[in-house]
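Subject: Model for your files

Hello,

Here is the structure I said I would pass on. My notes on it follow below.

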Amino acid sequence: MGSSGEWCLEKRDSLSSDSISSNENVLETGSLSIIVLGASGDLAKKKTFPALFHLYCQGFLPPDEVHIFGYARTKISDDELRNRICGYLDSDRSASPSEAVSKFLQLIKYVSGSYDAAEGFQLLDKEIAKHETSKSSQEGSSRRLFYLALPPSVYPSVCRMIWKYCMNKSDLGGWTRIVVEKPFGKDLESAEQLSSQIGELFDEPQIYRIDHYLGKELVQNLLVLRFANRLFLPLWNRDNIDSVQIVFREDFGTEGRGGYFDEYGIIRDIIQNHLLQVLCLVAMEKPVSLKPEHIRDEKVKVLQSVLPIKDEDVVLGQYEGYRDDPTVPDHSNTPTFATIILRIHNERWEGVPFILKAGKALNSRKAEIRVQFKDVPGDIFKCKKQGRNEFVIRLQPSEAMYMKLTVKQPGLEMSTVQSELDLSYRQRYQGVSIPEAYERLILDTIRGDQQHFVRRDELKAAWEIFTPLLHRIDNGEMKPVPYQPGSRGPAEADELSAKAGYVQTHGYIWVPPSL
């Protein structure tokens, strides 16, 4: 944070990690073209273009270097695309909002074409080359970032078209990078097939598999918390921690996305990617350095240490009314809720259950990490019933971290009560604008920093954990338990957590402090 109290992102020392660069000291001086494929879709409209706009407002996309291209099958004009995305551009971060929106929109050009035919991509390459020429970029020095806001089924054909027709012609410090969205396949086999198809065309340092949870402020804080604070170093192990919960809860159902959701279910949609990535950061060993490969090496080690999931460590649920959606099959077996206990077989975490829980149509909306510590031995205050110490990291909403402690209740009596040490971001960092996850991750892609992106072997290890369970669900061998919308989910899920050793605190509710 700068002296004026404004949020700023500092430029990292190393901007290039592409293995295709023949000279690591070549400065990136060429123009930057950002191509959003699937530009007329919801993801691009609601996430990608607003993130680019915020980066533009903060000076990370200078108009004398950058041009943005939208590409999709829809036949619309430049102005029609601009009108579609205009309403989603939040201009609060700019001194002159309407002027900033107008100038940003003028950077956008639209090209219409198929995702599997040469003509459209040849036209796209021609338009990109025009921009590069207008910026006086030396051939091969320009930078091309392709953001695939598309369904994974078209990734192979789109990547082939990019590789054939839209790559940089030579290497003079420029690069071509692609960003691909989840889901990366539906199981181990399909994920590996997709990785192989893309890997035949692009080197791993050119591929950015985006998981927006890795761009969240509190998720990015995990490594700092764990490895920059002496307080946690001796506590972060099986001797002191009894259980770890990683929770994702939504208070609404599929909301018209039933047909899409039914293909994947809550495990593929949330647990196998978002929550598992958080688990890696909670459980990993200290990396050799902050270099992306060192961090990702440690995450892979964690995933490879996870034991096979047992059926008795799983509770599935489906909210009543889910099948009323006309796009959902009448006899759908797709879970909208799951609690899964993962066990890590290594020296630090042997015997500590990692409880991953996610669900839709529940009684609250939140995502958090809850580290519960063991009971105090020799409890002279007889306060065990009040609850255990917990370190809680609230990812969303109301970003915060707080430590639940037992303290003396004010007054003449020696009685105890649970309270907290609290760092609530809205109160502590007033006036600070916390960047959206997509902003960070797109900026990281431009800089060539893959720390917060999923590597191929990491993706494979994640699917190896969940594929056997997913196949049993797909084959109807495991059935979801019905639960009421607006509830906590199936009662069996709380019973499973209790059986694993988690002790729920009764009578204490954390209230975010008011400003």
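Leaving out neighbours within four places in sequence, Leu342 is in contact (heavy atoms within 4.5 Å) with Leu276, Leu279, Val306, Ile309, Val352, Pro353, Phe354, Leu356, Ile465 and Phe466.

This is a predicted model, in which local features need pLDDT of at least 70 and side-chain atom pairs count only at pLDDT 80 or more, while totals for chains, interfaces and linings use all residues. Residues are numbered from 1 along each chain as its sequence is written, and side-chain values use heavy atoms, with hydrogens and water left out.

Leu342 is one of five residues, with Ile162, Ile267, Phe354 and Phe466, that touch the most other members of the largest nonpolar core, which has 147 residues. Such a core is a set of buried Ala, Val, Leu, Ile, Met, Phe, Trp, Tyr and Cys residues joined through side-chain atoms within 4.5 Å. Buried means under 20% relative accessible area, exposed over 50%, and partly exposed in between (1.4 Å probe, protein chains only). Helix α9 (residues 258-283) gives the core its largest share, 13 residues. Helices (H or I, at least four residues) and strands (E, at least two) are DSSP runs, numbered from the N terminus.

Strand β1 (residues 32-37) has 6 of its 6 residues buried, so the rest of the structure largely encloses it. Leu32, Ile34 and Val36 point one way from β1, and Ser33, Ile35 and Leu37 the other. Strands count as paired if DSSP finds at least two bridges between them. β1 pairs in the parallel sense with β4 (residues 143-148) over 6 bridges, and 6 bridges also join β1 to the parallel strand β2 (residues 66-72). Ile35 stands opposite Phe146 in β4, and its bridge partner in β2 is Phe69. From β1 the chain crosses through helix α1 (residues 42-57) to β2 in a right-handed β-α-β crossover (with the strands pointing away from the viewer, the path from the first strand over the helix to the second runs clockwise).

In helix α2 (residues 78-86), Leu81, Arg82 and Ile85 are buried. Seen down the axis of α2, they fall within an arc of 100 degrees (taken from the directions from the helix axis to the C-beta atoms), so they line one face of the helix.

The count of disulfides (pairs of cysteine sulfur atoms within 2.5 Å) is 0. For Cys57 the nearest cysteine sulfur is that of Cys86, 12 Å away; for Cys159 it is that of Cys166, 11 Å away.

Regards
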